[in-house]
Amino acid sequence: LCFVFKQEVEKIQIKITSLSLTESRITSDETIQQLFVECRLNNFLAEETPLSLPKPTGGQRIHYNYSTVINVDKGDNHAEREYLKSILLKPDLPAYSLKFTVVSDPPEDEQDLECEDIGFAYVSLKDIFQKQRDIIERDIDVFDSQDASAVIGKLTVTVEALHALRSVHEECKND
């Protein structure tokens with residue numbers, strides 16, 4: 001008999017479920033009509049929802065139901081793993097490692113307008129590791145890109161990273 005132990009693929013699974021906006025300059029701005037969301041892990045990777053959706057109005061949610069995976073297994077993802085190690089090992093590093101950007105997509109008939117970042121939301125991978133708990137369908141605050149103290153909405157996200165972070169942490173102990 002021969003047993004093959006398949007190394008589990010280490011990954012960070014990210015799901016952007018939905019977005020709601022509170023009353024703010026965003027909801028009253030007529031030029032902001034379509035929104036998409038970008039997710040970024042440090043400088044490595046930016047993924048965005050394939051669709052931009054009509055801006056939600058008072059109390060409504062728009063649903064992206066978009067999932068992506070960032071592979072961080074040992075094979076080809078050295079830089080990503082080193083970054084994850086630095087998050088776990090360096091207490092002075094900013095704790096916000098995943099950044100979600102809500103972006104205004106110009107309407108079809110006004111393509112001369114630029115895409116504009118209107119808000120940012122953050123998830124801390126360090127927190128996930130310290131609490132030993134993935135984030136499942138949690139509402140996180142979206143902060144105004146022009147006033148970081150103003151919350152302009154909620155983004156519902158799932159970030160499953162604990163398994164990968166534990167693996168990276170084990171590797172740190174063995175280095």
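Glu137 is partly exposed in this predicted model, as its relative accessible area is 39%. The residue belongs to strand E8, which spans residues 135-144. Most residues other than glycine have a negative phi.

A second residue shows a positive phi. Asn65, also a residue other than glycine, has a phi near 45°. Asn65 is placed in strand E5, residues 61-71. With a relative accessibility of 48%, Asn65 counts as partly exposed, because that class lies between the limits of 20% and 50%.

The two residues are set out below.

The remaining topic is a pair of helices. Two packed helices are described by the angle between their axes and the distance between the axes. Helix H2, residues 78-89, packs against helix H4, residues 162-174, at an angle of about 80°, and their axes are 9 Å apart. Angles of 65 to 115 degrees count as roughly perpendicular, and H2 and H4 are therefore roughly perpendicular to each other. On the H2 side, the contact is made by Arg81, Leu84, Lys85, Leu88 and Leu89. H4 contributes Leu165, Ser167, Val168, His169, Glu171 and Cys172. Classified by residue type, the contact of H2 with H4 comprises six nonpolar, two polar and three charged residues.

Notes:
Residues are numbered from 1 along each chain as its sequence is written. This is a predicted model: local features need pLDDT of at least 70, side-chain atom pairs count only at pLDDT 80 or more; totals for chains, interfaces and linings use all residues. Side-chain values use heavy atoms; hydrogens and water are left out. Axes are lines fitted to C-alpha atoms, for helices over the stretch in contact, and angles run from 0 to 180 degrees between N-to-C directions. Helices (H or I, at least four residues) and strands (E, at least two) are DSSP runs, numbered from the N terminus. Angles under 35 degrees count as roughly parallel, over 145 as roughly antiparallel, 65 to 115 as roughly perpendicular and the rest as oblique. Contact means heavy atoms within 4.5 Å. Ala, Val, Leu, Ile, Met, Phe, Trp, Tyr, Cys and Pro count as nonpolar, Asp, Glu, Lys and Arg as charged, and the others, Gly among them, as polar. Buried means under 20% relative accessible area, exposed over 50%, partly exposed in between (1.4 Å probe, protein chains only).
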